[in-house]
Amino acid sequence: MADTAAARKSLESQLAELKTRQSRIVEDLAQPLDRDASEQAVEMEDDDSLRGQAALVAREIVSVTRALTRIEDGTYGQCVRCGAVIAPERLKARPEAALCIACARNEQ
Ligand SMILES: [Zn+2]
């Protein structure tokens, strides 16, 4: 049985941090473009990288939320693919991990 109390705590703070990051990115993206053309090019590049970050943060929010759901379900710490117990060191490093190391390797 995984130590879900500690995992829940770190997942919840991770989620809060991700949501803060997400709203900051959304705000940045909502800024109107500068009228100066050269500035505009730079800002558009920034927007591209912001959109990339936004997608990444959104994905992380999904996996952290899923991990919290697995805690509720009592399936936390089990690989969602093969059902094997995920190594505690792995969960410590990545509390949101849904796959055991073997499945995660296969995924890549
Ligand atoms: Zn697995």
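**Labels and their cut-offs**

Me: What does Ile86 touch, not counting residues up to four places away in sequence?
Reply: Ile86 touches Gly77, Gln78, Cys79, Leu91, Ala97 and Cys100. Two residues are in contact if their C-beta atoms, placed from the backbone, lie within 7 Å. This is a predicted model: local features need pLDDT of at least 70, side-chain atom pairs count only at pLDDT 80 or more, and totals for chains, interfaces and linings use all residues. Residues are numbered from 1 along each chain as its sequence is written.

Me: What makes Ile86 part of the largest nonpolar core?
Reply: A nonpolar core is a set of buried Ala, Val, Leu, Ile, Met, Phe, Trp, Tyr and Cys residues joined through C-beta atoms within 7 Å. The largest such core has 12 residues, and Ile86 is one of them. Others include Leu11, Leu18, Val64, Leu68 and Tyr76. Helix H1 (4-30) and helix H2 (37-73) are the elements that give two or more residues to this core. The largest share, four residues, comes from H2.

Me: Why is Cys103 called partly exposed?
Reply: A residue is buried if 20 or more other C-beta atoms lie within 10 Å of its own, exposed if 12 or fewer, and partly exposed in between. Cys103 has 17 C-beta neighbours inside 10 Å, so Cys103 counts as partly exposed. Cys103 is found in helix H4 (residues 101-107). Not counting residues up to four places away in sequence, Cys103 touches Cys79, Arg81 and Cys82.

Me: How many helices and strands are there in the protein?
Reply: Four helices and zero strands. Helices (H or I, at least four residues) and strands (E, at least two) are DSSP runs, numbered from the N terminus.

Me: Why is the protein called more spread out than a compact globule?
Reply: The globule rule is 2.2 Å times the number of residues to the power 0.38, and the radius of gyration is taken over C-alpha atoms. For 108 residues the rule gives 13 Å; the protein has 18 Å, well over that, so it is more spread out than a compact globule. The C-alpha trace spans about 60 × 30 × 20 Å along its principal axes. Buried residues make up 15% of the 108 residues.

Me: How do you know whether H1 and H2 are roughly parallel or antiparallel?
Reply: Angles under 35 degrees count as roughly parallel, over 145 as roughly antiparallel, 65 to 115 as roughly perpendicular and the rest as oblique. H1 and H2 pack at about 155°, with their axes 9 Å apart. H1 and H2 are therefore roughly antiparallel to each other.

Key:
Axes are lines fitted to C-alpha atoms, for helices over the stretch in contact, and angles run from 0 to 180 degrees between N-to-C directions.
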